[in-house]
Amino acid sequence: VVSSLIDDVRLVVATTAADHALGLRRAAQIERAGALVFELGSVLDPSVWPSAVERLLSRFDPSTVLVLGSDDRFSAPWSALEDRGRRFVRLGGHGAGTAGLPPGWPPVALPDDIQPQRLLEVRAEVGVPVDRFLVLTAIDLVQRTRPEDVVTVADRLRNEQGLEFLLVGEGPLEAHLVDLMRYLERVNVRLRRPRHGLHELVAAADLVFDPSEDAAVRPAVAAAAAVGTPVVTSAGGGVETLFPSSGPAGLVVEEVGDTKVLADAILEVRRRGWTAIDPESVREDIRRLTSSGREGLRRTVLGSPPSANGN
């Protein structure tokens with residue numbers, strides 16, 4: 001989002017990143033992309049976050065405020081902003097002022113060609129033999145991505161021969177997932193921290209599985225569309241548009257959190273024998289979706305095309 005808007009507007013971000021290490025890294029990434037980041041969580045009690053945001057609004061006097069995610073502790077300043085006639089755009093949240101990311105906008109670049117030998121190396125490095133059907137989930141380990149559903153689905157499919165789950169991610173729910181896996185005595189799901197490129201992981205998998213309830217487009221799902229790997233994902237974020245007629249096979253499950261339906265969808269993809277397709281056949285579709293999505297994002301936030309001086 002920051003990379004797409006930074007040439008058109010001055011972005012000021014108030015974050016509560018110190019809640020966990022993953023948030024701190026995300027805040028650093030946003031700052032490196034060009035936004036001015038104010039980190040509230042490390043020194044300020046949550047009770048004074050709203051007043052801190054109000055001071056930021058007074059200092060920078062924005063015509064539009066872009067909010068990523070949803071946090072009830074900020075409801076008061078957002079409401080006050082709307083009362084003063086300012087535009088309030090929330091991406092990936094709920095309630096008044098909500099604006100979704102443009103449908104089908106994959107926030108990933110098209111990959112370079114990945115050599116088959118490299119995919120074999122990735123399989124070996126994550127510990128999944130090539131004769132196993134690899135179901136990959138690459139998400140932040142936070143509540144909205146529902147990583148516990150991956151473990152529960154794996155438990156439902158524990159008796160399926162040759163089926164193995166790989167959950168790649170980091171975040172505050174990591175310890176909880178380890179405890180859940182121990183409780184269920186899972187042997188067909190592996191938890192790994194990110195160390196490979198997303199496209200490498202997705203291309204090495206037989207299926208990408210994302211049970212998120214996040215309204216934003218999911219990066220691993222977008223990467224799957226770019227490299228041609230089949231997908232099972234929950235609805236939301238315009239994921240349906242990531243499966244053009246010439247693109248990869250995918251099943252979109254409407255029932256968020258229904259692990260039985262999700263497990264059945266994975267078995268259906270495996271039963272049909274869907275395989276990765278030549279990504280060249282979808283590259284033009286991905287370019288088109290990326291371009292139109294970024295323009296749609298600018299219109300959503302700015303309310304009109306950017307002026308010549310970038311304001």
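Modeller: Before we start, contact here means heavy atoms within 4.5 Å. And keep in mind that this is a predicted model.
Biologist: Okay. Which residues is Asp149 in contact with, leaving aside its neighbours within four places in sequence?
Modeller: Those are Pro211, Gly257 and Thr259. Asp149 itself is in helix H6, residues 147-156.
Biologist: Is Asp149 buried or exposed?
Modeller: Buried, because its relative accessibility is 5% and the cut-off for buried is under 20%. Its side chain also makes a polar contact of 2.6 Å with that of Arg146.
Biologist: Switching to the largest nonpolar core, which residues touch the most other members?
Modeller: Val135, Val153, Phe165, Phe209, Val232 and Ile266, out of 27 residues. H10 gives the largest share of this core, with five residues.
Biologist: What does Val153 touch, not counting residues up to four places away in sequence?
Modeller: Phe165, Phe209, Thr259, Leu262, Ala263 and Ile266. There's another core apart from that one, with 20 residues, including Val126 and Val221.
Biologist: New topic: how many salt bridges does the count come to?
Modeller: 16. One of them joins Glu170 and Arg25 at 2.7 Å, N to O. That pair links distant parts of the chain, 145 residues apart, with Glu170 in the loop between E6 and H7 and Arg25 in helix H2.
Biologist: And how far apart are the closest N and O atoms of Arg26 and Asp140?
Modeller: 2.5 Å, in a salt bridge. Arg26 is in helix H2 too, while Asp140 is in the loop between E5 and H6, 114 residues apart.

How values were computed
Residues are numbered from 1 along each chain as its sequence is written. This is a predicted model: local features need pLDDT of at least 70, side-chain atom pairs count only at pLDDT 80 or more; totals for chains, interfaces and linings use all residues. Side-chain values use heavy atoms; hydrogens and water are left out. Helices (H or I, at least four residues) and strands (E, at least two) are DSSP runs, numbered from the N terminus. Buried means under 20% relative accessible area, exposed over 50%, partly exposed in between (1.4 Å probe, protein chains only). A polar contact is a pair of N or O atoms within 3.5 Å; within protein, one must be able to donate a hydrogen and the other to accept it, and residues adjacent in sequence count only if both atoms are side-chain atoms. A nonpolar core is a set of buried Ala, Val, Leu, Ile, Met, Phe, Trp, Tyr and Cys residues joined through side-chain atoms within 4.5 Å. A salt bridge is a side-chain nitrogen of Lys or Arg within 4 Å of a carboxyl oxygen of Asp or Glu.
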